[in-house]
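Let's take a walk through this protein together. Have the sequence and the 3D view open as you read.

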Amino acid sequence: MQWKLTPAILDMTALDASHFDLSSRADIKAAKLRVESAANQLDLAQALRKADITAGLQYDHWPTSNANTNGTGDTISFTIGLPLTVNHSYEGEIARANSDYEAAKEALTHTEANAKTEWERINADVASAETNLEILQKEQLPRAEDVASTVELGYKKGALSLLELLDARRMLRQTRLDTVNARANLARAVLTRNQSISLSTGNY
């Protein structure tokens, strides 16, 4: 049976990854925002311990009147306010805010590590698929075609049996299918990497 493949339908153009930056991923950006928010909450909690000192100045003047026959007078008074946090130094609020901050930092580290591992795996999948396809196209498929051609000729001359002919054809067909599958695997791997790049750069 003669059949033709159109391998071009499985071609997938790889996006340029030279400017790809893991820190531009949405999950890492979100984790960084959570760290920033937790840091602000910690600052606010620690600020509760700081006592706000207030100072005041007051001037009073009174003229003579029926109720005041001693004459005019002037007074100037100063006031200073210093809150004392004797029974409450906000340890609970600060401890909770600090715990949230440390948890947010740990989550960011975990997210960044996962993103790096995922990116390395994606690139490894592409490289593996490229190698597999290259071996099939440059080595295994040409070899299977040569064997099938030789067996076809030998069968026509009566030197080889029908079983050997069918076996050579089967091997050639299987190698061609393997090659198509390898092209499909490469296309999927490249598509996955393209999607990762696009989601990070906003080109989607």
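## The overall picture

The accessible surface of the protein comes to about 14800 Å², and 54% of that belongs to carbon and sulfur atoms. Areas like this come from the Shrake-Rupley method with a 1.4 Å probe, and for residues only the protein chains shown count as cover. Keep in mind that this is a predicted model, where local features need pLDDT of at least 70 and side-chain atom pairs count only at pLDDT 80 or more, while totals for chains, interfaces and linings use all residues. Residues are numbered from 1 along each chain as its sequence is written, and side-chain values use heavy atoms, with hydrogens and water left out.

The protein has 3 helices and 2 strands, and from the N terminus on they run α-β-β-α-α. Here helices (H or I, at least four residues) and strands (E, at least two) are DSSP runs, numbered from the N terminus. Of the 204 residues, 23% count as buried. Buried means under 20% relative accessible area, exposed means over 50%, and partly exposed is in between (1.4 Å probe, protein chains only). Now take contacts, meaning heavy atoms within 4.5 Å: among those between residues at least 6 apart in sequence, 72% join residues at least 24 apart.

## A look at Leu136

Find Leu136 in helix 2, which covers residues 91-156. Is Leu136 buried or exposed? Leu136 counts as buried, because its relative accessibility is 4%.

What does Leu136 touch, leaving aside its neighbours within four places in sequence? Its contacts are Leu141, Pro142, Thr175, Asp178, Thr179 and Ala182. Arg183 sits 47 residues from Leu136 along the chain, yet their C-alpha atoms are separated by 9.9 Å.

## A nonpolar patch

Next, go to the surface. Tyr155, Leu162 and Leu166 form a nonpolar patch there, with about 270 Å² of accessible area together. Patches are made of residues with over 30% relative accessible area and no salt bridge; like charges are joined within 9 Å, and nonpolar side chains (Val, Leu, Ile, Met, Phe, Trp, Tyr) within 5 Å.

Leu162 belongs to helix 3, residues 162-201. With 45% relative accessibility, Leu162 counts as partly exposed.

## Salt bridges

How many salt bridges are there? The count comes to 7, where a salt bridge is a side-chain nitrogen of Lys or Arg within 4 Å of a carboxyl oxygen of Asp or Glu. One of them links Arg25 with Glu118, and their closest N and O atoms are 3.4 Å apart. Arg25 lies in the segment before helix 1 (26-47) and Glu118 lies in helix 2, so this pair ties together parts that are 93 residues apart in sequence. Arg25 is buried at 13% relative accessible area, whereas Glu118 is partly exposed at 31%.

Other pairs sit within helix 2. Lys105 and Glu102 are 3 residues apart there, about one turn of the helix, and their closest N and O atoms are 3.5 Å apart. Lys105 is partly exposed at 32% relative accessibility, and Glu102 is partly exposed at 38% relative accessible area. Lys138 pairs with Glu134, with closest N and O atoms 3.2 Å apart; these two are 4 residues apart in helix 2, again about one turn. Lys138 is exposed at 60%, while Glu134 is partly exposed at 40%. Finally, salt bridges that share partners join Arg25, Asp27 and Glu118 into one network.
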